[in-house]
Amino acid sequence: MLDSLVVVLRTAIFISLLQSAGVALFISLFNRHLTISKTPIYLLGKISALSGATFILVRYLLEPIRLTGSLSGFLDFSLHEFLITSNFGFAQFLKLLGTIIVGASFLQSSRLSRMAGIIGACFIAASFSLMGHVAASEQQWVLAILLTIHLLLAAFWFGALIPLHLVCSQEKLIAAKLVKHFSKIASFTVPLIPCAGLGIALILLPSLTSLKTPYGILLISKIIGFSALIGIAALNKFKLGPSLSTENHHSILIFKRAISLEILLIIIVLCITATMTTLYSPET
């Protein structure tokens, strides 16, 4: 029961943190193009950061109960002292710090706040490499670099989808131009996401037979989901995105639906990721 709750919390943390970090990256790149949609996009960043910070705190408070198997673990101060000084505690602290910095960056629109947002996003991405299979590996530093790159690029992609949806709804005149700029950047950043993920898998998986384990099966499911995402992203770049220049209502509606499908698929991939990293190990 507690393990299932941890999976749900980790999924919520993934979604909230990648969304808030992604909005910060989106704003740093495209803020000058935004007018009407700027307010709801900044609000999205604030809500994502606040929810992310809340989920991080709940996740930390749940860990003593999970380790002891009873509510009494919550009142065990020696256990809290152990957790705070452990990799788990430091990872949660860095996540929370990064989320606070990102959230604060949405309080105003300035060059300094946008730089702070980028720094906070980097803290968030790096925090995931401080615990779990990555931290326990002999090649921790290589994995940490690959995972940080993997998550930063994933945050940029995932975090941009709702803002793009908002732009298409509220600023149809600039939608085609903004989508074109985003697609140019995404065309060389998105392919790096599976490349970094493949590097992580090659280091963590002991052998090809590991693909038959629950961890391996979930990894394959994640790859299938990501492949579908790449297909939709390619459709958006080469067909649906360019069609926005006509400012046709039907074209905008189809593009927004494709974005919604991307969001759903990414959430499913994040659920798979939370399950495989919480309940299973590459070695078993």
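This is a predicted model: local features need pLDDT of at least 70, side-chain atom pairs count only at pLDDT 80 or more; totals for chains, interfaces and linings use all residues.
Visitor: Where do I start? What does the secondary structure come to?

Guide: Start with the element count. This protein has eleven helices and zero strands. From the N terminus on, the order is α-α-α-α-α-α-α-α-α-α-α.

Visitor: What does the radius of gyration say about the overall form?

Guide: Compare it with the value for a compact globule of equal length. For 284 residues that value is near 19 Å, and the protein has 19 Å, so the two agree. The C-alpha trace spans about 60 × 45 × 35 Å along its principal axes.

Visitor: How many of the residues are buried?

Guide: Of the 284 residues, 50% are buried.

Visitor: And what share of the contacts joins residues 24 or more positions apart?

Guide: Take the contacts with a separation of 6 or more. Residues 24 or more positions apart account for 77% of them.

Visitor: Now helix pairs. At what angle do α7 and α8 pack?

Guide: Look at the angle and the axis distance together. Helix α7 covers residues 140-170 and helix α8 covers residues 172-189. They pack at about 165 degrees, with axes 9 Å apart. Angles over 145 degrees count as roughly antiparallel. The pair α7 and α8 is therefore roughly antiparallel.

Visitor: Is the crossing of α7 and α8 left-handed or right-handed?

Guide: Left-handed.

Visitor: Which residues of α7 and α8 meet?

Guide: On the α7 side they include Leu 153, Phe 156, Trp 157, Ala 160 and Leu 164. On the α8 side they include Ile 174, Ala 175, Leu 178, Val 179 and Phe 182. By class, the residues of this contact divide into 14 nonpolar, three polar and one charged.

Visitor: How do α1 and α7 cross?

Guide: Helix α1 covers residues 2-30. The axes of α1 and α7 come within 6 Å and cross at roughly 80 degrees. The range for roughly perpendicular is 65 to 115 degrees. So α1 and α7 are roughly perpendicular to each other.

Visitor: Which residues make that contact between α1 and α7?

Guide: From α1, they include Ile 15, Leu 18, Ala 21, Gly 22, Leu 25 and Phe 26. From α7, they include Leu 152, Ala 155, Phe 156, Gly 159 and Pro 163. The classes here are 17 nonpolar, three polar and no charged residues. Note Phe 156: it is part of the α1 contact, and it also takes part in the α7 contact with α8.

Visitor: What is the geometry of α2 and α4?

Guide: Helix α2 (residues 38-68) and helix α4 (residues 87-105) pack at about 160 degrees, with their axes 9 Å apart. They are therefore roughly antiparallel to each other. Their crossing is left-handed. Among the α2 residues in contact are Tyr 42, Ala 49, Arg 59, Tyr 60 and Glu 63. Among those of α4 are Phe 88, Gln 92, Lys 95 and Leu 96. This contact divides into eight nonpolar, five polar and three charged residues.

Visitor: Let me try single residues. Where is His 33, and is His 33 buried or exposed?

Guide: Find the element, then the accessibility. His 33 sits in the loop between α1 and α2. Under 20% relative accessible area means buried. His 33 is at 17%, so it counts as buried. Leaving aside neighbours within four places in sequence, His 33 contacts Glu 171, Ile 174, Lys 177, Leu 178 and His 181. His 33 and Leu 178 are 145 residues apart in sequence, yet 7.4 Å apart C-alpha to C-alpha.

Visitor: What does His 80 touch?

Guide: His 80 lies in helix α3 (residues 77-84). It is buried, with a relative accessible area of 12%. Not counting residues up to four places away, His 80 touches Tyr 60, Pro 64, Gly 73 and Phe 74. Tyr 60 also belongs to the contact of α2 with α4.

Visitor: What about the two serines, Ser 137 and Ser 187? Is each buried or partly exposed?

Guide: Ser 137 is in the loop between α6 (132-136) and α7. At 19% relative accessibility, Ser 137 counts as buried. Beyond its neighbours within four places, Ser 137 contacts Leu 143 and Ile 203. Ser 137 and Leu 204 are 67 residues apart in sequence and 7.7 Å apart C-alpha to C-alpha. Ser 187 lies in helix α8. At 37%, Ser 187 counts as partly exposed.

Conventions
Residues are numbered from 1 along each chain as its sequence is written. Side-chain values use heavy atoms; hydrogens and water are left out. Axes are lines fitted to C-alpha atoms, for helices over the stretch in contact, and angles run from 0 to 180 degrees between N-to-C directions. Helices (H or I, at least four residues) and strands (E, at least two) are DSSP runs, numbered from the N terminus. Angles under 35 degrees count as roughly parallel, over 145 as roughly antiparallel, 65 to 115 as roughly perpendicular and the rest as oblique. A crossing is left-handed if the near helix is turned anticlockwise from the far one by less than a right angle, and right-handed if clockwise. Contact means heavy atoms within 4.5 Å. Ala, Val, Leu, Ile, Met, Phe, Trp, Tyr, Cys and Pro count as nonpolar, Asp, Glu, Lys and Arg as charged, and the others, Gly among them, as polar. The radius of gyration is taken over C-alpha atoms; the globule rule is 2.2 Å times the number of residues to the power 0.38. Buried means under 20% relative accessible area, exposed over 50%, partly exposed in between (1.4 Å probe, protein chains only).
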